[in-house]
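Hi everyone, thanks for coming.

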Amino acid sequence: MKEDEMIICRCEEVSYEELETAAAKYKCSARELKLRTRAGMGYCGGRSCRTMVDKIAAASANDQNRTCVSLKYQPPIRPISFENLGRGR
Amino acid sequence: MNDTFHRDIVVIGGGIIGSSIAYYCSKSGLDITVLEKKELASGTSSKCDGNILAVDKDPGFDSQMALKSQQLVHELNNELEIPFEYRNPGSVLVCENDTEMEAAQKWVQQQQDAGLDFRMLDREDLRNESAYFADDLLGGLECRTDSIVNPYMLTYSMIHRAKQFGAKIHTNTEVKNLYKNQVNQFVIETNDGIFTANKVVNACGVWAPFIGEMLDIDISIKPRKGQIIVASRQQPVGLRNVMEFGYLISKFGGERQVDPLTDKYGVALVFEPTESQNFLIGSSRQFNGYDTKVDHEVMKYIAKRAVRFYPKIADMTVIRTYAGLRPWTADHLPIISHVEKVPGFYIAAGHEGDGISLAAITGKVIEEMINEKDTSIPIELLRYDRFHVNAKP
């Protein structure tokens with residue numbers, strides 16, 4: 001397997017190459033990189049790929065992008081069923 | 001900083017409304033600059049759902065405006081280079097009691113009279129719609145022109161095309177002050193230099209009143225908080241957008257037969273399948289200032305409400321929740337208006353939960369107003385000062 005094909009976001013199956021290409025093209029924040037590629041938007045909530053998505057975005061951002069927006073944390077901490085959420089547990 | 005840039009038209013706000021204005025205006029040949037205080041689609045436009053609906057619009061002017069916007073989005077799907085997950089399956093409203101069924105019948109009749117593609121659905125239709133619906137649901141209605149997009153991708157896509165037409169986009173550029181100088185140009189002071197412009201469009205959504213204040217213009221928009229659940233793909237629950245009929249009542253402020261907290265938080269079912277195969281569950285409506293923190297108590301009631309309509313999703317998983325601020329106006333119509341008191345100042349804001357639905361028509365109408373053409377829809381009802389008719393001059 002080539003290095004480029006390495007999967008960074010396993011939940012949404014986003015490769016290193018896809019992230020690098022999008023980051024080079026848009027020179028955007030990690031947040032925008034996430035939205036454009038879906039890396040970090042899957043089942044685990046970015047638990048495995050968050051730091052790499054942050055790093056790839058930061059490395060590609062140019063001078064114009066001084067305000068670097070890293071990825072946020074949104075509830076729930078772990079996936080929860082509708083039933084349990086509705087019960088408030 | 002002494003950098004001063006002169007531009008013909010400056011659009012303040014890089015959400016879906018500002019992006020649509022940038023697209024339609026630059027396409028018509030106008031010189032457009034967008035100033036966005038954070039990033040593109042970083043406010044309401046990425047903290048919402050992606051429904052382009054006529055189904056929940058007041059029959060008549062409101063639904064006609066939505067229909068026009070749907071037609072424009074359909075065209076955008078062919079015109080824009082970056083795909084924005086456009087789907088056009090129609091949408092469904094479901095009813096849980098006879099009162100709602102009767103109201104739905106009336107709603108369908110009124111919409112059909114206004115020329116829209118509406119139809120009643122019976123129990124059998126609902127069963128065919130989704131195997132996950134509760135058995136006791138009586139029926140509902142469908143609007144066949146309704147469509148779905150990914151709102152932030154549509155924003156990115158319109159900006160991408162606008163740039164090809166020559167639009168200049170400045171992100172991380174916050175407007176600090178706005179006034180007119182002696183030669184009647186707008187002076188726009190930002191954290192990243194000063195701009196002068198002949199015309200300014202305020203497309204700041206819930207933040208539009210702050211820009212208005214700088215010019216002493218009162219803009220009657222209040223932030224209304226709405227929360228949404230993202231559920232993980234497991235089994236396909238449905239292919240179309242679904243809402244409970246009570247959503248209309250919640251939207252227009254009528255009385256519903258639900259428990260006090262569901263009512264208090266304005267919780268009403270919205271189901272939206274996304275292209276990633278996940279689905280979104282909404283919704284809530286609360287006046288709570290500019291707070292966008294997810295309120296767990298409200299989420300509980302949204303989850304409960306979803307299970308009431310889809311009992312068999314109880315064991316499906318919620319993977320993410322978020323909250324956004326909808327720019328509310330008293331009559332549920334947006335403000336799309338020129339401000340005669342400050343010639344050259346336009347407002348395009350206040351779409352509440354209809355910003356994605358009405359972005360295309362809003363951008364088109366602002367382009368038509370600036371180019372002094374006839375507008376695609378009548379705009380008298382959308383004036384900025386309609387809320388002050390009884391106020392002292």
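**Starting from the core**

Okay, let's begin with the largest nonpolar core, which has 125 residues; the members that touch the most other members are Val11(B), Ile12(B), Ile21(B), Ala22(B), Val201(B), Ala306(B) and Ala348(B). That core takes at least three residues from each of two domains of chain B, domain 1 (4-46 + 152-221 + 331-388) and domain 2 (91-144 + 222-328). Apart from it there's another core, this one of 17 residues, including Leu19(A), Ala30(A), Ala39(A) and Val53(A). And before I go on: please keep in mind that this is a predicted model.

What does Ile12(B) touch, if we don't count residues up to four places away in sequence? The partners are Leu35(B), Val175(B), Val200(B), Val201(B), Asn202(B), Ala203(B), Cys204(B) and Ile211(B).

Now the domains themselves. Chain B is divided into domain 1 and domain 2, and you can see that each is written as several stretches of sequence: 4-46 + 152-221 + 331-388 for domain 1, and 91-144 + 222-328 for domain 2. Their centres, taken over C-alpha atoms, are 31 Å apart. Where the two domains meet, 11 residues come from domain 1 of chain B and 11 residues from domain 2 of chain B.

**Two pairs of helices**

On to helices. When two helices pack, we describe them by the angle between their axes and the distance between those axes.

Here's the pair in chain B: helix H1 (residues 16-27) and helix H5 (residues 151-164) pack at about 30°, and their axes are 8 Å apart. Because angles under 35 degrees count as roughly parallel, H1(B) is roughly parallel to H5(B). The crossing of H1(B) past H5(B) is left-handed. On the H1(B) side, the contact is made by Ile16(B), Ser19(B), Ser20(B), Ala22(B), Tyr23(B) and Ser26(B). On the H5(B) side you'll find Pro151(B), Leu154(B), Thr155(B), Met158(B), Ile159(B), Arg161(B) and Ala162(B). You've met Ala22(B) already, by the way, in the list from the largest core.

The pair in chain A is helix H2 (residues 30-37) and helix H3 (residues 50-60), packed at an angle of about 110° with their axes 8 Å apart. So H2(A) is roughly perpendicular to H3(A). H2(A) passes H3(A) in a right-handed crossing. From H2(A) we have Ala30(A), Leu33(A) and Lys34(A), which meet Val53(A), Asp54(A), Ile56(A) and Ala57(A) of H3(A). Ala30(A) and Val53(A) are also among the members of the 17-residue core.

While we're on chain A, here's the overview: 4 helices and 3 strands, running β-β-α-α-α-β-α along the sequence. Chain A has 89 residues, and 40% of them count as buried. Looking at its contacts between residues at least 6 apart in sequence, 51% join residues at least 24 apart.

**A stop at Ala54(B)**

Back to chain B. Ala54(B) sits in the loop between strand S3 (51-52) and helix H2 (61-79). Is Ala54(B) buried or exposed? It's buried, because 28 other C-beta atoms lie within 10 Å, and 20 or more is what it takes. Setting aside neighbours within four places in sequence, Ala54(B) is in contact with Ser63(B), Ala66(B), Leu67(B), Gln70(B), Leu116(B), Cys143(B), Thr145(B) and Asp146(B). Then there's Asp354(B): 300 residues away from Ala54(B) in sequence, but 9.6 Å away in space, C-alpha to C-alpha.

**Some backbone details**

Last topic: the backbone. Which residues does a cis peptide bond join in chain A? Pro75(A) and Pro76(A), with omega about 0°. Pro76(A) is in the loop between H3 and strand S3 (80-81) of chain A. In chain B, a cis peptide bond joins Gly282(B) and Ser283(B), again with omega about 0°. Ser283(B) lies in the loop between strand S15 (279-282) and helix H9 (296-309).

Asn172(B) has a phi near 50°, and its place is the loop between strand S8 (168-170) and strand S9 (175-180) of chain B. With 18 C-beta neighbours inside 10 Å, Asn172(B) counts as partly exposed. Gln277(B) has a positive phi of about 80°, and it's found in the loop between strand S14 (270-273) and S15 of chain B. Gln277(B) is exposed, since 10 other C-beta atoms lie within 10 Å.

Conventions: Residues numbered from 1 in each chain as written. Chains lettered and ligands numbered in written order. Predicted model: local features only at pLDDT ≥ 70, side-chain atom pairs only at ≥ 80, totals over all residues. Core = buried A, V, L, I, M, F, W, Y, C linked by C-beta atoms within 7 Å. Buried ≥ 20, exposed ≤ 12 C-beta atoms within 10 Å, placed from the backbone. Domains from an automatic or database assignment. Contact = placed C-beta atoms within 7 Å. Axes fitted to C-alpha atoms, helices over the stretch in contact; angles between N-to-C directions. Helix = DSSP H or I, 4+ residues; strand = E, 2+ residues; numbered from the N terminus. Parallel < 35°, antiparallel > 145°, perpendicular 65-115°, else oblique. Left-handed = near helix turned anticlockwise from the far one by under 90°.
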